[in-house]
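Hi,

Here's the structure I promised to send over. Have a look, and my notes on what turned up are below.

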Amino acid sequence: MRSWKLAKMSMVFAPRLAESAPTSHVGASWSPYDNNGGTCVAIAGADYCVIAADTRMSTGFSILTRDYSKIHHITEKCVLASSGFQADVRSLQKNLDARHQIYQHQHSKQMSCPAMAQLLSNTLYYKRFFPYYSFNVLGGLDNEGKGCVYTYDAVGSYERSGYSSQGSGQTLIMPVLDNQLKSASPLVLPPRESSTPLTESEAVDLIKDTFASAAERDIYTGDGVEIVIINKEGIRRETMALKRD
Amino acid sequence: MEIDEHIGCAMSGLTADARTLVEHGRVETQNHRFSYNEPMSVESTTQALCDLALRFGEGDEESMSRPFGVSLLIAGHDESGPCLYHTDPSGTFWQCDAKAIGSGSEGADTSLQEHFNKNMTLEEAETLALSTLKQVMEEKVTSSNVDIAKVAPKYHLYSPEEVEAVIQRL
């Protein structure tokens with residue numbers, strides 16, 4: 001008797017496994033974000049900074065275009081490369097441009113790279129609860145003319161280091177850079193010089209090699225790489241073709 | 001009073017009003033450091049204070065119905081070197097090499113014009129400032145009725161002993 005009553009109770013309280021819930025959870029619902037793929041890399045030297053990004057823009061398993069620039073010149077001495085959701089990236093770039101213009105009007109000078117680094121961090125954190133889906137690398141020359149590279153996460157945590165990579169090929173490229181640029185690694189404690197001992201042409205060659213390697217294995221990286229070099233003479237741009245498969 | 005570690009100011013007039021301006025200056029300079037990780041330039045700080053003076057205050061509730069009745073001397077050190085600005089209640093500011101404000105300012109200004117030169121050392125400047133003050137003050141200059149501060153390159157308010165040391169050199 002008792003066991004029959006228990007069985008009846010358990011039937012009432014047990015979850016109804018056979019029926020499905022009124023709303024079906026099959027398939028992805030709408031997401032405000034998309035990932036357009038791509039990889040960005042930057043290396044800082046004693047008096048130069050090299051920033052590079054591939055030129056492929058994708059969505060899902062398709063390519064949208066083979067010739068899209070992920071690099072944005074914010075000031076004369078400061079360049080932003082961002083991978084992730086390019087609509088958010090574009091919006092972020094416009095936001096920073098506007099803030100830079102206001103700064104120039106108020107303070108009669110261009111923003112320095114460290115100042116822009118802080119501004120970018122604050123701008124990203126401002127949208128802490130609906131972030132910019134943007135993985136940024138900021139590169140340029142600091143107030144003394146030394147190369148500087150700042151890496152960010154999507155909500156604004158940042159660090160100055162000698163080199164950095166972000167995006168879909170990050171995990172392929174970062175270990176190679178760690179190996180080649182040991183002294184400037186952000187992993188070394190106590191933190192040492194935040195610029196590499198390489199010459200400018202050595203750094204550019206290293207970047208070309210790393211992108212070629214990343215393009216082999218990462219499906220979202222390829223088509224071409226755009227390389228921007230900042231030194232005291234100004235800003236220079238190079239391109240190199242990558243595998244289109 | 002100190003506005004930031006690289007900017008200080010002296011006031012003349014309704015000193016109660018000055019405190020509102022200095023407080024605003026402190027907030028603006030710290031906001032700048034937060035946003036841009038760098039010290040705010042002295043001219044921009046002066047401009048921020050003058051903007052407040054022009055509006056008679058900020059916001060709907062806190063704004064006053066009269067101008068701030070105070071002149072300020074803003075002294076600071078930024079990437080363009082040491083500099084001095086003079087503001088008045090209209091919200092105008094001027095850059096100066098040497099300036100005096102207050103009741104004895106006319107005589108003091110003339111005296112400064114005669115004795116100032118751009119290559120003065122800090123000690124000579126201390127002596128000149130204090131001797132000019134002595135001329136226009138009715139009471140005798142002592143370490144308890146005179147304040148000295150310098151921005152070289154950080155703000156520092158002199159202790160009574162340091163003031164006494166300068167008085168001895170007069």
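A:V50 sits opposite A:I229 in β11(A). The two strands behind that, β2 (residues 48-54) and β11 (residues 224-231) of chain A, run antiparallel and are joined by 7 bridges (strands pair if DSSP finds at least two bridges between them; strands, E, at least two residues, and helices, H or I, at least four, are DSSP runs numbered from the N terminus).

By the way, this is a predicted model: local features need pLDDT of at least 70, side-chain atom pairs count only at 80 or more, and totals for chains, interfaces and linings use all residues. Residues are numbered from 1 along each chain as written, chains are lettered from A and ligands numbered from 1 in written order, and side-chain values use heavy atoms, without hydrogens and water.

Back to the sheet: it's open, with 5 strands in the order β10-β1-β2-β11-β12 (chain A) and antiparallel pairing. β10 (163-167) and β12 (234-241) of chain A are at the edges with a single partner strand each, so one side of each has no neighbour in the sheet.

Helix α4 (residues 170-180) of chain A lies across β1 (39-44) and β10 of chain A, at about 170° to β10(A) (contact means heavy atoms within 4.5 Å; angles run from 0 to 180 degrees between N-to-C directions, with axes fitted to C-alpha atoms, for helices over the stretch in contact). Helix α5 (residues 200-217) of chain A packs on the sheet too, touching β1, β2, β11 and β12 of chain A, and its direction makes about 15° with that of β2(A).

Cheers
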